[in-house]
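Here is a short briefing for someone opening this structure for the first time. Look at the sequence and the fold together, then read on.

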Amino acid sequence: MKRKWWHDKVAYQIYPKSFFDSNGDGIGDIPGIISKLDYLKELGVDIVWISPCYPSPMADQGYDISDYYNIHPAFGTLDDMDRLLTEARKRDMYILLDLVVNHCSDEHEWFEKACADPDGKYGNFFYIEDKKEGQLPCNWRSYFGGSVWEPLPGHPDKQYLHLFHKKQPDLNWENPEVREEVYKNINWWLDRGLSGFRIDAIINIKKKLPYKDYASDRADGLCTVDNMLAEAQGVGEFLGEMRDRTFGPHEAFSVGEVFNEKDEELPDFIGDNGYFSSMFDFAPVVFGASSKGWYDRQPITPDDYKRCCFHSQKRVGDIGFLSNIIENHDEPRGVSHYIPEGEVSVYSKKMLAVMYFMLKGLPFIYQGQEIGMENMKFSSIDQIDDISTIDEYHVALNAGCSQEEALKCISVYSRDNARTPMQWDCTENSGFTSGTPWLSVNPNYHEINVKSQQNDPDSLLSFYKKLTALRKDPDYKETIVYGNLIPYLEDQHNLMAYFRKGEKTLLVIGNFQTEPQDITLPGKCKNVLLNNYPETDISENILHLKNYQAVILEL
């Protein structure tokens, strides 16, 4: 594996609308991010990924972009972005933006020109088909529910394709002119000083053509888009071209949101000359998903989580780097998702932090994760903003769930859990804004906030700082960044343990339950590098683990 500048870094994701509001309008902004750079630096963050802050009608919270070359006024200006890039460089930090190019907004000038002249140049920027009475080109279901086909505005005889929201028409990547526009925009940002991109929903850019129906999987007669994606061939031609025209010449960092890659494709995606620098490991995230909907989803157990992580590590091996997460803007809070109900505590939060952070790959922290922010307790569907959650609520009702059951299931998985405002202190609105927040603050901000943890050596925030410091420690960095990962006692129930072997031998151990658990160490403990309890109980090579205890040992 070729060594890259980003291998030993720690990354952090910001959802700008909810991070910090500098002007009291209830919406987080770029000046707010600038004001918190020192906080992130102190946490040990090197790379900051900012979710979309471009102009957008916000049908999908900014993932429907109407102008790729500007900043949404609610978030600030291009001058603010330039200032952020400058201030980040002063702190040896790197800024990533979201690259959303499977689709744009229906308010983008390309789509408006396509509507004005469907048979002209911009009509070919999208997938536009003639309408046939009582017949759709295919029965694919949008990710947000309903058909992927929508009537083209001003043309009742035509329709356009949208895999996501109807206000997010898919761009036609088969058209070289579309690709040229995308590459031009990427290079414009990289030349401006951006360090790279997180690439959104990128596998969707390659469609299986011509269109065809698949077996329906719900009463609506439609089918999941996954069927089409499994058959689509040739996405690599697009991705390789994008790498060669943009990321490669700039030595930029790119991390892909990739769900459908096959094992044999991994070297193409994240090998030495991969399409991307890295890609997220979503194995634990997608575990238990059901084609029927969230109401039918299987909860993940500690043993499931362990198996998912180890499987991902094994299949990638030395091919390249994964990016490891426990949460992001599209998922519920990790501590509420991976720790069984009723067992969430500062100990279990620290244990989960250790187990994911020490995996081989690049660790990403999502805003609020470092203080242990938890899922919101929703009491009404009226509290929900997220379009995906609203769709799943109705899917559950249509499947026969009661309103109470439907609300309970969406509360577990809603994207709004991760989008509630960052909890900075215990003042009104958690110190996020002096105005009215765009989305309700989690009421537990009085107990869970940055200020209460900042100077507490036993807090979760302080523990995350120890994790980032250990990753950068010159004595252990080589092993943590490049060492092999080898599972240990893989079959022991509710225990997750693995070696990191390189210049040194480290053993990472987590007791994934409230009951104590003993394990036999494979060798003499030379040093305890990190422990979420004050002491480590080892007698005659037997490690006695307490409730959700996690330790990192040097053997």
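Two strands count as paired if DSSP finds at least two bridges between them. By that rule, β4 and strand β6 (residues 155-161) pair in the antiparallel sense, over three bridges. Keep in mind that this is a predicted model. The points below go topic by topic.

**The three-stranded sheet**
- β4 and β6 belong to an open sheet with the order β4-β6-β5 and antiparallel pairing.
- The edges are β4 (128-130) and β5 (149-152); each has a single partner strand, so one side of each lacks a neighbour in the sheet.
- Direction ignored, neighbouring strands here are turned by 40 degrees against each other on average.
- I128 has Y160 as its bridge partner in β6.
- Helix α4 lies across β4, β5 and β6, and runs at about 65 degrees to β5.

**The five-stranded sheet**
- A further open sheet has five strands in the order β12-β13-β14-β19-β16, and its pairing is antiparallel.
- β12 (484-487) and β16 (527-531) stand at its edges with a single partner strand each, so one side of each is left without a neighbour in the sheet.
- From one strand to the next, the twist averages 20 degrees.
- Strand β14 (residues 505-511) and strand β19 (residues 550-554) run antiparallel and are joined by five bridges.
- Within this pair, V508 stands opposite I552 in β19.
- Helix α12 (residues 346-357) lies across β13 (495-501), β14 and β19. The angle between α12 and β14 is about 145 degrees.
- Helix α17 (residues 460-472) also packs on the sheet, where it touches β16 and β19. Its direction makes about 135 degrees with that of β16.

**The parallel strands**
- Strands of a sheet pair through backbone hydrogen bonds, either parallel or antiparallel.
- Strand β1 (residues 11-14) runs parallel to β2, and four bridges join them.
- Four bridges also join β2 to β3, again in parallel.
- V48 takes part on both sides: V48 is the bridge partner of Y12, and V48 stands opposite I95 in β3.
- Both faces of strand β2 (residues 47-50) are covered. I47 and W49 are buried on one side, V48 and I50 on the other.
- β2, α3 and β3 make up a right-handed β-α-β unit.

**Helix α5**
- How far apart are the end C-alpha atoms of helix α5 (residues 176-192)? They are 24 Å apart; at 1.5 Å a residue, the 17 residues should span 24 Å, so the two values agree.
- An α-helix has 3.6 residues a turn, so residues three or four places apart point the same way.
- Buried residues of α5 include V178, V182, Y183, I186, W189 and L190. R179, N185 and N187 are buried as well.
- Among the elements covering these buried residues are α3 (78-90), β3 (94-99), β7 (196-199) and α7 (235-250).
- At the start of α5, a side-chain oxygen of N175 comes to within 2.9 Å of the backbone nitrogen of E177.
- G193 follows α5 and has a positive phi, near 120 degrees.

**A buried histidine in a loop**
- H108 is found in the loop between β3 and α4 (109-116).
- Is H108 buried or exposed? H108 counts as buried, because its relative accessibility is 5% and the cut-off for buried is under 20%.
- Beyond its neighbours within four places in sequence, H108 is in contact with I65, S66, D67 and Y68.

Definitions and conventions. Residues are numbered from 1 along each chain as its sequence is written. This is a predicted model: local features need pLDDT of at least 70, side-chain atom pairs count only at pLDDT 80 or more; totals for chains, interfaces and linings use all residues. Side-chain values use heavy atoms; hydrogens and water are left out. Helices (H or I, at least four residues) and strands (E, at least two) are DSSP runs, numbered from the N terminus. Axes are lines fitted to C-alpha atoms, for helices over the stretch in contact, and angles run from 0 to 180 degrees between N-to-C directions. Contact means heavy atoms within 4.5 Å. The expected span of a helix is 1.5 Å times one less than its number of residues. Buried means under 20% relative accessible area, exposed over 50%, partly exposed in between (1.4 Å probe, protein chains only). A polar contact is a pair of N or O atoms within 3.5 Å; within protein, one must be able to donate a hydrogen and the other to accept it, and residues adjacent in sequence count only if both atoms are side-chain atoms. A crossover is right-handed if, with the strands pointing away from the viewer, the path from the first strand over the helix to the second runs clockwise.
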